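Please read the account below alongside the sequence and the coordinates. It goes from the whole chain to single elements and then to the contact between chains.

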Amino acid sequence: MLRYAVERLIQAIIAIFGVLTIVFVVMHLSGDPTLLLVPQDASAEMIAQLRSQLGFDRPIWVQYLEYLGGLAHFDFGISVVQRVPAFDIVVSRLPYTTMLAAGALVVAIGMGIPAGIVMATRRGGWLERLLTAIVVTGQSVPTFLSGIVLIFVFGVTLRWLPTSGSGDFASLIMPSIALGAISMSTFARMTRISIIDELGKDYVRAGRARGLSLGSVVFRHVLRNAAIPVITIAALEIGNLLAGAVIVETVFAWPGIGQLAIQSIQSRDFLVVQVIVLLISFVYVLTSVIADFVYALVDPRIRLVR
Amino acid sequence: MSTAVLALRQRLRRVPLSVIVVSIIFLVIVLLAIFAPWVAPADPNRQNLLGRLKPPGFEMRGITYWLGTDDLGRDLLSRTLYGAGVSLSVAVLSVVVSSLVGVTLGMIAGWFRGKIEILIMRLVDIMMSIPAILLAVLTVAVLGPGFLKLVLVLGLTRWPRYTRVAYAQTLQVANLPFIKASELAGAGAARILFHHILPNIAGPVLIVATAEFGLMILMEAGLSFLGLGIQPPASSWGSIMSVGRQYIERAWWIVAFPGVCLFLLVFSVNVLGDWLRDQLDPRSRSR
């Protein structure tokens with residue numbers, strides 16, 4: 001187990017290192033990153049001054065090492081617009097996005113897993129067809145469209161819920177549903193497939209032969225075994241939900257890091273955008289490592305194979 | 001009736017009704033997008049400031065605005081029709097770019113093995129740990145928006161899935177006798193990869209491509225909605241809807257019509273993709 005854990009951690013560190021490098025390359029794609037960090041009407045002198053101040057006139061590999069060195073000290077640079085550390089700006093918005101992602105995960109798991117169970121156990125019935133249609137629909141509606149539809153129906157027409165929000169429970173409902181819809185479909189599909197896989201195995205036939213009902217076989221035995229692939233999906237979905245927050249938060253004017261990312265792009269505050277991309281990618285890598293560890297704890301076979 | 005027609009009817013009978021329906025929807029949208037310049041009743045960019053935010057069926061100076069007008073009095077029907085072409089061509093081109101890059105890298109990794117395999121597959125792992133929409137948002141923000149840049153950004157952020165599939169398939173195919181025979185006969189790597197391996201891994205790649213096609217439509221719409229995609233005066237469904245979002249209380253139709261089209265397009269692509277997967281991958285049919 002220890003060896004497996006160490007190997008997996010090394011993999012994760014390489015992945016994070018790679019992400020840092022890709023973000024560095026993207027930031028330098030335009031040729032001169034100074035131009036990203038100044039207002040559009042900046043004078044040539046001001047640009048030149050900032051360029052040497054930030055070290056963008058030095059060789060690219062020196063800049064790369066400085067960048068990595070800075071990150072190692074949690075130095076993500078100073079926001080050019082707000083004149084405070086970019087990292088602090090992002091952290092101050094983080095609780096809102098965490099709330100939203102948690103709400104969306106509740107929606108996705110709370111609806112997706114039961115739907116998947118029903119679809120796997122009631123095959124061929126009208127209920128399965130209905131749920132399949134709902135799942136494919138959930139996958140095909142972009143989050144901003146479902147967001148706008150929710151706003152129109154429950155915010156503008158019925159006036160039940162606030163159309164934009166700042167943290168209270170009522171304003172969390174609609175963005176959570178909009179953000180969770182696509183994940184809900186993913187959970188339903190994964191749950192369905194992994195239960196169907198399990199249902200074909202001998203222990204299910206043995207249980208049924210001994211007179212257990214399908215329901216009790218599923219709830220007592222199958223769910224536990226089918227849970228493993230679903231755990232991985234849950235981990236990956238956390239990263240996807242954070243990324244999806246960029247759009248949902250813009251639609252609902254939700255003051256999290258997604259809205260901050262778009263605002264920062266508009267005000268050309270690229271160091272803040274960089275922090276957000278790095279942060280979400282870091283969470284993405286971290287959750288997948290945790291998922292693998294949970295996997296290995298739940299299912300000893302995985303530990304032994306490696 | 002000739003035997004060929006009978007055989008065709010036999011095959012069609014096995015196609016589920018839902019697949020036939022979504023195929024028709026998909027074809028209609030594609031045809032409308034291609035023939036937009038002839039079908040559209042008006043110039044999509046012609047403004048009519050006296051007829052701003054008018055509801056569907058509004059008539060003015062002998063012109064009927066069947067789907068209403070937007071915030072600048074432009075004909076929403078024409079804009080939606082032209083927008084279809086933009087959305088579809090971005091999606092098609094970026095799927096072409098990403099599949100070319102991804103499949104080539106995957107076949108190289110699977111055929112040559114060794115260091116290049118480690119390098120490519122590590123890069124795949126890394127690319128897959130940055131959520132694609134974020135990488136696309138950052139890259140478009142750095143490079144600036146535009147049709148061609150959008151295609152390149154989408155194409156170059158979404159290739160790793162093809163690489164994984166092409167790699168795994170190439171590993172399986174590479175040891176088959178006819179590949180070995182071709183190699184012994186002196187065929188070069190390029191010939192083996194593109195003439196012998198590619199046709200044999202095309203099925204799984206096609207499954208990935210259809211799923212990605214739906215995703216690309218959604219990503220283009222999302223980026224344009226955020227103002228990072230197609231720039232005015234050109235319009236895609238995403239950018240029309242981002243305007244409509246601001247006027248949702250007074251003019252629901254601006255969001256509704258492009259939104260319904262977007263949904264129908266992605267829905268039909270997803271249903272077709274699922275069906276195609278079941279046809280090409282018999283193992284999943286029982287599921």
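Predicted model: local features only at pLDDT ≥ 70, side-chain atom pairs only at ≥ 80, totals over all residues.

Residues are numbered from 1 along each chain as its sequence is written, while chains are lettered from A and ligands numbered from 1 in the order in which they are written.

Chain A contains 13 helices and 0 strands; helices (H or I, at least four residues) and strands (E, at least two) are DSSP runs, numbered from the N terminus. Along the principal axes, the C-alpha atoms of chain A fill a box of roughly 85 × 60 × 30 Å. Of the 306 residues in chain A, 40% are buried. A residue is buried if 20 or more other C-beta atoms lie within 10 Å of its own, exposed if 12 or fewer, and partly exposed in between, with C-beta atoms placed from the backbone. Among contacts in chain A with a separation of 6 or more, 72% join residues 24 or more positions apart; two residues are in contact if their C-beta atoms, placed from the backbone, lie within 7 Å.

In chain B, consider helix 2 (residues 17-34) and helix 4 (residues 76-112), whose axes come within 7 Å and cross at roughly 105°. Helix 2 of chain B is therefore roughly perpendicular to helix 4 of chain B, a label given to angles of 65 to 115 degrees. Axes here are lines fitted to C-alpha atoms, for helices over the stretch in contact, and angles run from 0 to 180 degrees between N-to-C directions. Helix 2 of chain B contributes B:Ile29, B:Val30, B:Leu32 and B:Ala33, which meet B:Leu81, B:Ala84, B:Gly85 and B:Leu88 of helix 4 of chain B. This contact has 7 nonpolar, 1 polar and no charged residues, where Ala, Val, Leu, Ile, Met, Phe, Trp, Tyr, Cys and Pro count as nonpolar, Asp, Glu, Lys and Arg as charged, and the others, Gly among them, as polar.

The largest nonpolar core has 155 residues, and A:Ile276, B:Leu134 and B:Val137 have the most contacts inside it. Helix 10 (residues 214-252) of chain A gives the most to this core, with 17 residues. Such a core is a set of buried Ala, Val, Leu, Ile, Met, Phe, Trp, Tyr and Cys residues joined through C-beta atoms within 7 Å. Beyond its neighbours within four places in sequence, B:Val137 is in contact with A:Val246, A:Ala261 and B:Leu228.

Helix 6 of chain B covers residues 132-143. The buried residues of helix 6 of chain B include B:Leu134 and B:Val137. After this helix comes B:Gly144, with a positive phi near 90°.

A:Ala253 lies in the loop between helix 10 and helix 11 (257-266) of chain A and is partly exposed, because it has 14 C-beta neighbours inside 10 Å. B:Arg113 lies in the loop between helix 4 and helix 5 (114-128) of chain B and is partly exposed, with 13 other C-beta atoms within 10 Å.

Between the chains, 33 residues of chain B are in contact with 40 residues of chain A. On the chain B side, helix 5, helix 6, helix 10 (189-225), helix 11 (237-246) and helix 12 (253-280) each supply at least two residues. The residues on this side divide into 23 nonpolar, 5 polar and 5 charged.

Note on methods. Parallel < 35°, antiparallel > 145°, perpendicular 65-115°, else oblique. Expected span 1.5 Å × (residues − 1).
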